Amino acid sequence: MTSMNLSEKAEKYLQYLCLEIPTRRVGSAGNQAATDFFAKNIGAFGFQIECPSFDCIDWNQNGAQLTIDGISFETFVSPYTLGCNESKPLVAVTTLEELEMAEVAGKILLMHGDLTQEQLMPKNFPFYNPDHHRRIIELLELKKPQAIVAATTQDVSLAGAVSPFPLIEDGDFDIPSVYMTEDEGKGLAGYAGREVSLKIRAQRIPSTGCNVLARKGGQNHRRVVLFAHIDAKDGTPGAIDNATGVVILLLLAELLADYSGQLGIEIVALNGEDYYAASGEKLYLSLNEGKFTEIVLGINLDGVGYHQGHTAYSLYNCPPNLESLVHENFALHQDMVQGEPWYQSDHGLFLLHERPALAFTSDQFTELWTEIAHTSKDTPEIVDPAKLAEVAIALRKLLDSVDELIA
Ligand SMILES: [Zn+2]
């Protein structure tokens, strides 16, 4: 298979994952089509396939209206919120202290200013959940406002390029909410004490999703695990985040069609990196309890293939012989450079268990996160398929080297 053929294949896969299916939001029909597509294609290369499934919620919305005395304010529906139809007095708070003091039961609560600088982590999110986020959520659930309006700007580290961003994106949080720009919030704050009407049309739909695992080789249980998350945020084609990672796994699987090494290879389309409940990640952890020590190297692909800049790889917890093996292999590829360590993706699962890990992304990380991630701009047009082919080829060689190393 030449790299030209691989690039052409990459384009076709991308086309399907980003354009032919409308969304890869966890629990949606598109997400199920994506995991089916992955299982079917990878199965053709002689892998054993397993698709462990989980319950989740899908969600849809049909807009919201917020009015006071016939004046409308522009709002966006928080992902995974419940719907509502209320007319209640408005209370506005800008700090945690104000929230602690405020009487908000049965009222519509406007949160803005200091209180809405960071997207709040979902209440049951297992991997990162700072105390000040927990405290805000706890207070809201205790004080029971009828609904929440959050005025926000941008939070690059937690919400990517989306602006304004949803303060709350949590299917486990049951107070209905919308969000709006900071300017709109300032205007609305002037009406504190007045009666506001808020109608949110949204519903949660019980659904299921799955991870797809493909295994090959390995008589002795020691294995390399490769992850790419297959889900995407609602409202984005999710090309760089993270159809490209999935495409690299498919290309690599084809290059491994004749593989029969001692080293076990486990390729995983994880389903939940961009989902409030991280369902696929939690499922992988629970099904691999006590088995992480078998993992010789965990590899994660997220954000690879941006048409500008280079592919950046970073290493974590690697013993020196493994580390030099990686550098030697990748030195042959001009477009691959060593990048800064980063922690906002699924290689965190390997790090949680102190396993050696290798993560791939683009070195234009900052631009991607501030301008593109989680928006409609993340399309196949900004992907260079040759970069995806290159990573697949480099990984194929690396797996042979690791196989020799552990033999
Ligand atoms: Zn991602």
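Me: In this predicted model, donors are N, O and S atoms within 2.8 Å of the metal; which residues are the protein donors of the zinc ion?
Reply: The protein donor atoms lie 2.0 to 2.5 Å from the zinc ion, and the cut-off for a donor is 2.8 Å. Along the chain the donors follow the spacing H-x11-D-x60-D.

Me: What is the arrangement of the 4 donor atoms around the zinc ion?
Reply: Four donors count as tetrahedral if all angles lie between 85 and 135 degrees. The angles that the 4 donor atoms subtend here run from 53 to 146 degrees, and therefore the arrangement is irregular.

Me: How many residues apart are Asp241 and Asp302, and are they buried or exposed?
Reply: Asp241 belongs to helix H7 (residues 239-255), whereas Asp302 is found in the loop between strand S13 (295-301) and strand S14 (311-316). Both of these residues are buried. The pair links distant parts of the chain, and the separation is 61 residues.

Me: Why is the pair of rings of Tyr80 and Tyr275 edge-to-face?
Reply: A pair of aromatic rings is described by the distance of the centres and the angle of the planes. Ring centres must lie within 6.5 Å to pair, and planes over 60 degrees apart count as edge-to-face. The centres of the Tyr80 and Tyr275 rings are 5.6 Å apart and their planes stand at 80 degrees, so the pair is edge-to-face.

Me: Which parts of the chain does the pair of Tyr80 and Tyr275 tie together?
Reply: Tyr80 is buried, with a relative accessible area of 5%, and Tyr275 also counts as buried, at 3% relative accessibility. Because the two residues are 195 apart in sequence, the pair ties together the loop between strand S4 (76-77) and strand S5 (84-93) and the loop between strand S12 (264-270) and helix H8 (279-287).

Me: Is His333 buried or exposed?
Reply: His333 is found in the loop between helix H9 (320-331) and strand S15 (336-338). Buried means under 20% relative accessible area, and His333 has 11% relative accessibility, so this residue counts as buried.

Me: With which side chain does the side chain of His333 make a polar contact?
Reply: Leaving aside residues up to four places away in sequence, His333 touches Glu390, Ile393 and Ala394. The polar contact, at 3.4 Å, is with the side chain of Glu390.

Note on methods
Residues numbered from 1 in each chain as written. Predicted model: local features only at pLDDT ≥ 70, side-chain atom pairs only at ≥ 80, totals over all residues. Heavy atoms only, no water. Phe/Tyr/Trp six-rings, centres within 6.5 Å; stacked < 30°, edge-to-face > 60°. Helix = DSSP H or I, 4+ residues; strand = E, 2+ residues; numbered from the N terminus. Buried < 20%, exposed > 50% of the residue type's maximum accessible area, 1.4 Å probe, protein only. Donors = N, O, S within 2.8 Å, 3.2 Å for Na, K, Ca; no water. Tetrahedral: all angles 85-135°; square planar, octahedral: opposite > 155°, others 65-115°. Polar contact = N/O pair within 3.5 Å; in protein donor to acceptor, adjacent residues only side chain to side chain. Contact = heavy atoms within 4.5 Å.
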